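Biologist: Could you walk me through this model step by step, please? I am new to reading structures.

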Amino acid sequence: MRKALTLTTAVAAASLLLSACGSDSAKTSSSSGAAQASGTIASKLIFGGPAEMKSRPDGPAGWAKNYGVTFQSFKVTDTGGPVTVTSLKNGQIDAADLFTTDPAIKANNFVVLTDPKSNFGAQNVVPLVNKKKATPGVQQVLDAISAKITTDVLINLRTQVEVNKMDPDKAAQQFLASLSLPTTTPAKGVTLTVGSANFPENVVLADIYADALQGAGATVSKKLNIGSREKYIPGLKDGSIDLIPEYSGVLLQYFDKGASATSPDATYAALQKAVPATLTVTKQASAEDRDAIVVTSATAKKYGLTSIADLAKKA
Amino acid sequence: MSGVITWLNDPAHWRDRPADSFVGIPSQIVNHLEYSLIALGIALVIALPTGLAIGHSGRATWVVAAANALRSIPGVGLLVLLAVIIAPHFYGRTDLGYLIPTEIVLVLIAIPSILANTYAGVDNVDPAVRDAARGMGMSGGEVLRQVEFPNSLPLIFSGFRSATLQVIATATIASYFPLGGLGRFIYDGYHQQDYDQMVSGGILVALLAVLVDLVLSLVQRLCVSRGVSGRFSKTPTQDPATAALRTKEEVATG
């Protein structure tokens, strides 16, 4: 007993001593931001978002650099999930990180703050295609569809699938029917396998592209809900999958770790250069599924917020 | 491993940095102990009287068996379920929407070992001792308070100590929601792919659990009657014959 106690005391003393001479990683980084930002609207607000955002370049460090915005504090909630939504709705937090296509934004009248300086990189929907299968006919079909997919369209599709529990393929066909596409068959003779990542939005997008190609004469098989990028990109490279709906920013990061483009057009241009030789991207849709800073309509009204830059104004 | 030592050695991790929304190790230990002590307090208030009553009366022993079934509860699963039900009812700057579900889970985890050990402690008191107490004219309540309870203290303590260990280890689940505690380092470290932070959090939880257990063992030493624990002074006070025998034994065993 006495031995154990002595041992613990020794360990505690040793760790205290050691910690006293450890190097301080935060000596320079902190305090400057807080002093600069005092008195702003943001300094009165609590932000909620996923833990990883705290250390991401488009997180607090990016807001401070791009907009001079520093929130009162950062509360770890979850990744655009129910904890974030409930906390924002009930006032535990005042601003939150949600995805732009989240049905909860509309359902709760949340306000998405615009991001004029592209702090959050563009994440436009873009089909990633096996170059051999991307005939002019196939490209024509894909481009026609991509031109119609806006962020609002994606929100509606997600609401149908995630809130109303509609079958993704049924939602996709309903959307295609509403477009009144031409009845020509430019993709005739092409055989494709369409894949998707394992989240509802991506599945619906894959269904839309696959059904459209089928309608245009191609022979299409589907391999949906494959998993994450690390799982399906090898499939695209070895030819077991020919098409997958992707997002421009994250895909660019995947192929080029050092990429710095953030605006939609620059990202798309960089992406075209970064994809491996056997793959290609067709035209990107205007639909974006990216992180956004979201506030309640009451907060937006109280402080007159429409853009992230407004948060740096004096309260 | 050297990364973990560096992380634990960094003074920046030992103080609160409001500008970075970082809560330091000492404050998180306080949070962690707070969540654990609330749960243990509630569990003790529920399980101790219940266990004593069941052990004393010998009735309703099925309650102990039923409480033991609580051990099979999946903590995080129940926590998420409770949070989904409870959290939407709390408005404004409060953590109660997530604190209450966490405490419920921790209390449910702490109850079985306290209850089972209290019951077993009272139930296993030598019937002859109980009989003697009765024969001396003690009432039922007096037997419970002055004979059964002191005699069952070692087992009650061991139940409470294992409950404490379990609760301190499990209190990390609080960080699944926007709460503090040492789980914060494990959860945030995992999501930020800062595995030094994650392992450091785990080590701190283990150290805290062991330290608290040491403290409780001291308390147990002070509380339990020496007549029950069998801990007597080593200086021989008995007759010289047994003393000589003992010395011989000690010499023999070294």
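Predicted model: local features only at pLDDT ≥ 70, side-chain atom pairs only at ≥ 80, totals over all residues.

Modeller: Residues are numbered from 1 along each chain as its sequence is written, while chains are lettered from A and ligands numbered from 1 in the order in which they are written.

Biologist: What average pLDDT does chain B have?

Modeller: The pLDDT is the predictor's confidence in each residue, from 0 to 100. In chain B, 91% of the residues score at least 70. The model as a whole scores ipTM 0.80 and pTM 0.80. The average pLDDT of chain B is 91.

Biologist: How many helices and strands are there in chain A?

Modeller: Helices (H or I, at least four residues) and strands (E, at least two) are DSSP runs, numbered from the N terminus. By that rule, chain A has 13 helices and ten strands.

Biologist: What percentage of the residues in chain A are buried?

Modeller: A residue is buried if 20 or more other C-beta atoms lie within 10 Å of its own, exposed if 12 or fewer, and partly exposed in between, with C-beta atoms placed from the backbone. Chain A has 315 residues, and the buried share is 43%.

Biologist: What is the order of the strands in the open sheet of five strands in chain A?

Modeller: Two strands pair if DSSP finds at least two bridges between them. E1 (residues 46–49) and E3 of chain A run parallel and are joined by two bridges, with A:Phe47 partnered by A:Ala95 and A:Gly48 by A:Ala96. E3(A) also pairs with E10 (residues 291–295) of chain A, in the antiparallel sense over five bridges. The pairing is mixed, and the order is E2-E1-E3-E10-E4.

Biologist: Which strands of chain A stand at the edges of that sheet?

Modeller: An edge strand here has a single partner strand, so one side of it is left without a neighbour in the sheet. The two strands are E2 (73–76) and E4 (111–112) of chain A.

Biologist: Why is strand E3 of chain A described as largely enclosed by the rest of the structure?

Modeller: In a regular strand the side chains alternate between the two faces of the sheet. A:Ala95, A:Asp97 and A:Phe99 point one way from E3(A), A:Ala96 and A:Leu98 point the other way, and all are buried. E3(A) covers residues 95–99, and it is largely enclosed because the number of its residues that are buried is five of the five.

Biologist: Which residue stands opposite A:Pro127 in E8(A)?

Modeller: A:Pro127 belongs to a group with A:Val125 and A:Val129 that points one way from E5(A), and these residues are buried. Five bridges join E5(A) to E8 (residues 243–247) of chain A, and the two run antiparallel. The residue opposite A:Pro127 is A:Pro245.

Biologist: How many residues of chain B are in contact with chain A?

Modeller: Two residues are in contact if their C-beta atoms, placed from the backbone, lie within 7 Å. On the side of chain A, 32 residues take part, and the number from chain B is 27.

Biologist: Is A:Ser180 buried or exposed?

Modeller: Most residues other than glycine have a negative phi, and most peptide bonds are trans. A:Ser180 has a positive phi of about 40 degrees although it is not a glycine. A:Ser180 lies in the loop between helix H8 (168–179) and strand E6 (191–197) of chain A. With 7 other C-beta atoms within 10 Å, A:Ser180 is exposed.
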